[in-house]
Amino acid sequence: MTTSTGSAAAAPAHERVLSPGLEGVLAGETALSKVDGANGRLTYRGYRIGDLVEHGTYSSVANLLWTGDWDPEARLATSAVPDAVLTTLRALPRSAKPMDALRTAVSAWGATQTLDWPPTPEQARALTSFSPSALAAFARIREGKDIVEPDPSLNLVEGFLYQLTGETPEPATARALDAYFIVGAEHGFNASTFTARVITSTMSDIASAIAGAIGTMKGPLHGGAPSEVVDQLAKMGSVEHAEEWLRGALDRGERLMGFGHRVYRAYDPRAAALRKVAEGMEHKPDWLQTAIGVEDMALRLLAERHPDRPLKTNVEYYAAPVLMGVGLTPDLFPATFSLARHAGWTAHVLEQAADNRLIRPDVRYVGEAERDLPG
Ligand code: COA
């Protein structure tokens, strides 16, 4: 490992390189995923994302991230929500955002557990199994419905859909959402993952780390744009009207949702995997064909406007039809993304704890010089 600590920290602040947003700063090492933005490639522990979607399950992928072992038979099911958490969820306003409810649930869950340091794969498994039940419970409580207890014969994603709807999902539907969970499980040092690692670095517990990560993912710059993809496609109406609408939006300086990425300069490999899933779905939303037609047109227009900046399709574009196709309402999209990211977040918590160093960067002071209090 090549590290730089002593000499950089010793230099006066005005002589050091300032990197707003930590852009380009190497703030750690990970063996969990490799995001190759230039070539549009993503691997989890060296395995290609497309292969994991085709041959794996979310359970096997979560197990791979936590343990490093590939076990296609690994099983993960949802778990019951402790009474104290249900009481907390029932006390929330029905209008609460699902992300707020999930963050609150994880925090309340932490208060019901003994979460000793260092965090363990068992703690990671327990939290990842709890959160889908908690989100499903809140979704039912806000509609005035009884909660549905977990069915241990179902895998985690099937269990989530069952506890949400009260009906055992069709295998194809569960399989499509499972693919989305695999694709959303892990993605390097993104903002929410970094938050989880900062919290862990203080030797705080795994529930605090994941509650913080959910709070970070809630922000519109991170939490994803699939519901806005749905809105934009609805505004276009049809492929025939799309070009006029797209040109108008770009003229107004608006962003096309589902395109562009901070890291990827090539087609996002997660979008490619989810497009395949969306096309193979039994209950595709009617507008999937519109989305496919609009994609080519949008890519052409973006290339015209930004010849020097490759702007390609990102994961959110095809997440939208998959999430709609499995029957989720758009207001559940960000919290569902958070459920999927639990595997990666908790794996990063374990990785941070295994070789811990308090994450505490420095800041350049730009305020008043030292002075006396007035009077
Ligand atoms: N539609 C239109 N123009 C876009 C664009 C988009 N989706 N994404 C980037 N651009 C343009 C910017 O307007 C900017 O143009 P300018 O140089 O003329 O000002 C240029 O491309 C570079 O944009 P920048 O904001 O520096 O890119 P970024 O890497 O910081 O942004 C995103 C990454 C994801 C925030 C951005 O691409 C975006 O807003 N995409 C739409 C939202 C979305 O799909 N989010 C989900 C991401 S997974």
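Let's start with a pair of helices: H13 passes H14 in a left-handed crossing, where left-handed means that the near helix is turned anticlockwise from the far one by less than a right angle, and right-handed that it is turned clockwise. Before going on, a word on what you are looking at. This is a predicted model, in which local features need pLDDT of at least 70 and side-chain atom pairs count only at pLDDT 80 or more, while totals for chains, interfaces and linings use all residues. Residues are numbered from 1 along each chain as its sequence is written, and side-chain values use heavy atoms, with hydrogens and water left out.

Back to that pair. H13 covers residues 269-280 and H14 covers residues 288-305. The names come from DSSP runs numbered from the N terminus, with helices being H or I runs of at least four residues and strands being E runs of at least two. Two packed helices are described by the angle between their axes and the distance between the axes. For H13 and H14 the angle is about 145° and the axes are 11 Å apart. Axes here are lines fitted to C-alpha atoms, for helices over the stretch in contact, and angles run from 0 to 180 degrees between N-to-C directions. Which residues make the contact? On the H13 side they are Arg-275, Ala-278 and Glu-279, and on the H14 side Leu-288, Ile-292 and Glu-295, with contact meaning heavy atoms within 4.5 Å. Sorted by class, they divide into three nonpolar, no polar and three charged. In this sorting Ala, Val, Leu, Ile, Met, Phe, Trp, Tyr, Cys and Pro count as nonpolar, Asp, Glu, Lys and Arg as charged, and the others, Gly among them, as polar.

Now move to H10, residues 206-217, and H16, residues 333-354. Their axes come within 10 Å and cross at roughly 135°, so H10 and H16 are oblique to each other. Oblique is what remains once angles under 35 degrees are called roughly parallel, over 145 roughly antiparallel and 65 to 115 roughly perpendicular. H10 passes H16 in a right-handed crossing. H10 brings Ile-206, Ala-209, Ile-210, Ala-213, Ile-214 and Met-217 to the contact, and H16 brings Pro-334, Phe-337, Ser-338, Arg-341, His-342, Trp-345, Thr-346 and Val-349. That makes ten nonpolar, three polar and one charged residues.

H10 has another packing partner to look at, H6. The axes of H6 and H10 come within 10 Å and cross at roughly 45°, and therefore these helices are oblique to each other. The crossing of H6 past H10 is right-handed. Here Gln-123, Ala-124 and Leu-127 in H6 meet Ile-206, Ala-207 and Ile-210 in H10. By class, you find five nonpolar, one polar and no charged residues.

Pro-118 sits in the loop between H5 (98-112) and H6 (121-141). A cis peptide bond joins Trp-117 to Pro-118, with omega about 0°.

Next, the strands. E1, E2 and E3 form an open sheet in the order E1-E2-E3, with antiparallel pairing. E1 and E3 (47-48) stand at the edges with a single partner strand each, so one side of each is left without a neighbour in the sheet. Two strands count as paired if DSSP finds at least two bridges between them. E1 (residues 33-36) and E2 (residues 41-44) pair over four bridges. Follow them along and you'll see Ser-33 partnered with Tyr-44, Lys-34 opposite Thr-43, and Asp-36 opposite Arg-41. The hairpin of E1 and E2 has four residues between the strands, and Gly-40 there takes a positive phi near 65°.

On its other pairing, E2 meets E3 over two bridges, again in the antiparallel sense. Thr-43 stands opposite Arg-48 in E3. This hairpin has two residues between the strands, and Arg-45 in the turn has a positive phi of about 45°. Leu-22, in the loop between H1 (6-10) and E1, also has a positive phi, near 55°, in a residue other than glycine.

Finally, zoom out to the domains. The domain assignment, which is automatic or taken from a database, gives domain 1 (77-222 + 338-354) and domain 2 (225-325). Their C-alpha centres lie 28 Å apart. Where they meet, ten residues of domain 1 are in contact with 13 residues of domain 2.
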